[in-house]
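Let's take a walk through a protein together, from the whole fold down to a single residue. Keep the model open beside you and find each piece as we reach it.

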Amino acid sequence: MTSPPDRLASTPSGDPPATASATARWRHDLPSGVRWAFSTAPDPAAAVGLGAGSAVAARQVHGARAVLVRGPWEGDAPEADALVTDRPGVLLAVRVADCVPVLLADPAAGVVGVAHAGRRGMDAGVVAAAVALMAEVGAEPARTRAVLGPSVCGRCYEVPAAMRDDVASRHPVTATRTWRATPGLDVAAGVLEQLAALGVAAEQVPGCTVEDEALGSVRRSGPDAPRWSGLAWRELP
Ligand SMILES: [Zn+2]
């Protein structure tokens with residue numbers, strides 16, 4: 001075990017989740033045994049006190065496909081950018097290094113989800129796909145909560161002007177200017193707006209992956225930057 005659970009920053013159930021002193025290790029307990037966490041540990045399952053290697057992750061392709069998970073993959077992991085489960089003991093993981101990790105839960109329904117929302121996934125509607133799949137197994141958007149982990153911020157995510165204008169034509173809230181006064185995008189702002197439109201209450205853990213060296217960032221370190229994990233699960237009764 002590389003990072004025992006008591007090293008996780010923790011907030012008691014009911015408090016706002018955005019109180020991480022160290023975004024590298026963050027955990028929030030929701031009602032009905034539902035848990036959310038962010039972890040930079042190489043084995044995030046062990047880091048949250050679950051079985052080593054038990055986290056279930058998809059092959060992320062910056063798309064908008066959501067998959068229902070009821071146990072470990074049989075064979076290769078599918079290509080998907082959102083995972084949903086209605087089963088306790090299934091640890092869903094999303095891996096990021098600048099993209100927005102989105103954790104979702106309807107504790108009353110016992111349904112949790114994770115989504116990998118970078119520029120392309122946000123634009124393609126991965127968050128809506130996750131919320132829709134959660135509804136298919138009993139979740140209700142009005143009861144669903146979401147938290148966004150740190151991601152590249154709108155001041156650091158510099159893009160060509162044509163790309164900024166293209167994305168902003170569909171998601172005006174994402175348009176920014178960077179610290180260098182060049183065109184930029186705030187993908188998290190787009191995700192928050194999408195969640196609000198879906199009726200899902202959302203909060204955001206503060207932080208920017210480019211600016212916080214504790215978090216892997218492709219923008220800062222290149223394509224081999226270490227990925228870190230967003231996790232959602234429901235404890236076994
Ligand atoms: Zn930043």
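Of the contacts in the protein with a separation of 6 or more, 62% join residues 24 or more positions apart. Two residues are in contact if their C-beta atoms, placed from the backbone, lie within 7 Å. This is a predicted model, where local features need pLDDT of at least 70 and side-chain atom pairs count only at pLDDT 80 or more, while totals for chains, interfaces and linings use all residues. Residues are numbered from 1 along each chain as its sequence is written.

The protein has 6 helices and 13 strands. Helices (H or I, at least four residues) and strands (E, at least two) are DSSP runs, numbered from the N terminus. Of the 237 residues, 50% are buried. Buried means that 20 or more other C-beta atoms lie within 10 Å of the residue's own, again placed from the backbone; exposed means 12 or fewer, and partly exposed is in between.

**The open sheet**

In which order do the strands of the open sheet of 6 lie? The order is S4-S5-S8-S7-S9-S12, and the pairing is mixed. Strands S4 (66-68) and S12 (201-204) are the edges, each pairing on one side only. From one strand to the next, the twist averages 15°. Two strands count as paired if DSSP finds at least two bridges between them. S4 and S5 (residues 82-85) run parallel, with 3 bridges, and Val67 stands opposite Leu83 in S5.

**Helix H3 and its partners**

Helix H3 (residues 126-136) packs on this sheet, touching S4, S5, S7 (100-106) and S8 (111-117). The direction of H3 makes about 165° with that of S8. For such angles, axes are lines fitted to C-alpha atoms, for helices over the stretch in contact, and the angles run from 0 to 180 degrees between N-to-C directions.

H3 also meets helix H5 (residues 187-198): the two axes come within 9 Å and cross at roughly 35°. The residues making this contact are Val127, Ala128 and Val131 of H3, together with Val191, Gln194, Leu195 and Leu198 of H5. They divide into 6 nonpolar, 1 polar and no charged. Here Ala, Val, Leu, Ile, Met, Phe, Trp, Tyr, Cys and Pro count as nonpolar, Asp, Glu, Lys and Arg as charged, and the others, Gly among them, as polar.

Which residues of H3 are buried? They are Val126, Val127, Ala129, Ala130, Val131, Leu133 and Met134. The buried residues of H3 pack against S4, S5, S7, S8, helix H2 (119-124) and H5.

The largest nonpolar core has 75 residues, and Leu92, Val102, Ala130 and Val191 touch the most other members. H3 gives the most to this core, with 7 residues. A nonpolar core is a set of buried Ala, Val, Leu, Ile, Met, Phe, Trp, Tyr and Cys residues joined through C-beta atoms within 7 Å. Leaving out residues up to four places away in sequence, Val191 touches Val100, Val102, Ala117, Met122, Val127 and Leu148.

| Strand pair | Bridges | Residues facing each other |
|---|---|---|
| S2 (residues 25-29) and S3 | 5 bridges | Trp26 and Phe38 |
| S3 and S13 | 6 bridges | Phe38 and Gly230 |
| S6 and S13 (residues 228-234) | 5 bridges | Arg95 and Ser229 |

S2 and S3 form a hairpin with 4 residues between them, and Ser32 in the turn has a positive phi of about 60°. In a regular strand the side chains alternate between the two faces of the sheet. Strand S3 (residues 34-39) has both faces covered: Val34, Trp36 and Phe38 are buried on one side, and Arg35, Ala37 and Ser39 on the other. In strand S6 (residues 92-96), 4 of the 5 residues are buried.

**A closer look at Asp86**

Asp86 is found in the loop between S5 and S6. Why does Asp86 count as buried? Because Asp86 has 20 C-beta neighbours inside 10 Å. Beyond its neighbours within four places in sequence, Asp86 is in contact with Gly110, Val111, Val137 and Gly138. Gly138 follows H3 and has a positive phi, near 110°. Asp86 and Met134 are 48 residues apart in sequence, with their C-alpha atoms 8.2 Å apart in space.
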